[in-house]
Amino acid sequence: LRLPGRIAVSPNYIKHLPAIGGEVDLLRSLQLLPGVKSISEISSGLYVRGGSPDHNLYVLDGVTLYNPSHFGGAFGTFDSDAIKSVRLFKTGLSAEYGGRVGSVLDVSMREGTKERLGGSGGISMVNSRIMVEGPINDNATFMIAGRRVYFDLLLLLLKNKDARYYFYDLNAKVNYQISESDRVFASGYFGRDKFGGNFDGSG
């Protein structure tokens, strides 16, 4: 769905975005949209209509993310398996977003399926990921997703036993349906970069 200055991205579209290292990176994929670009090949930052990444507001389930990337901006923090919908506002920002001068990326996490317990996952050359969702009872559902990038193991294969770097993300959400038109949910995100050791192989 496209409106003036606004783009809504569906979950099915997200699954077919270009994969980098075996996994979809939402921020890098959005750089393919009109009016959005990157400053370099290794950056996942969004440069929207000439603005810089710090002009943009990143929102996950209504909560501001102040650092939406890992490894100095090379990888985004958004786990594609945990995403329900994405809205990119390039212009015409409403007051609820605090009057940002750039753009707004509003991401919603999956709420979990009411049908049965299920999930997805995968292993690539650089990471592993898993997502589990399902019903808690007739009115409540849950979703838990996690991923880990194992650059530290790759460095060991390169005979650098002193270098240590990896990052991981964890997303969780519980949704409760009060009535046909009312619901409440609790969601959370935790991510961390672990860095240390020598990267020059000197000891």
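Which residues make a nonpolar surface patch of about 280 Å²? In this predicted model, the patch is made by Leu 117, Ile 130 and Val 132. The points below take up one member of that patch, then the nonpolar core and the strands that pair beside one another in sequence order or otherwise.

**Surface patch**
- Leu 117 lies in the loop between S12 and strand S13 (118-123).
- Leu 117 counts as exposed because its relative accessibility is 61%, and exposed residues are those over 50%.

**Nonpolar core**
- The largest nonpolar core has 24 residues, of which Leu 46, Phe 78, Val 86, Leu 105 and Val 107 touch the most other members.
- Two or more residues of this core come from each of strand S2 (6-9), helix H2 (26-30), strand S7 (57-60), strand S11 (83-89), strand S12 (104-109) and strand S15 (140-149).
- Apart from neighbours within four places in sequence, Val 86 has contacts with Ile 7, Ala 8, Val 9, Ile 14 and Leu 26, as well as with Leu 105, Asp 106 and Val 107.

**Strand pairing**
- S2 and S11 form an antiparallel pair with 4 bridges; Ala 8 is placed opposite Arg 87 in S11.
- S11 also pairs with S12 in the antiparallel sense, over 6 bridges.
- Ile 83 is placed opposite Met 109 in S12.

Terms used. Residues numbered from 1 in each chain as written. Predicted model: local features only at pLDDT ≥ 70, side-chain atom pairs only at ≥ 80, totals over all residues. Heavy atoms only, no water. Core = buried A, V, L, I, M, F, W, Y, C linked by side-chain atoms within 4.5 Å. Buried < 20%, exposed > 50% of the residue type's maximum accessible area, 1.4 Å probe, protein only. Contact = heavy atoms within 4.5 Å. Patch = residues over 30% accessible without salt bridge, like charges linked within 9 Å, V, L, I, M, F, W, Y side chains within 5 Å. Areas by Shrake-Rupley, 256 points an atom, 1.4 Å probe, with all protein chains shown as cover. Salt bridge = Lys/Arg side-chain N within 4 Å of Asp/Glu carboxyl O. Pairing = 2+ DSSP bridges.
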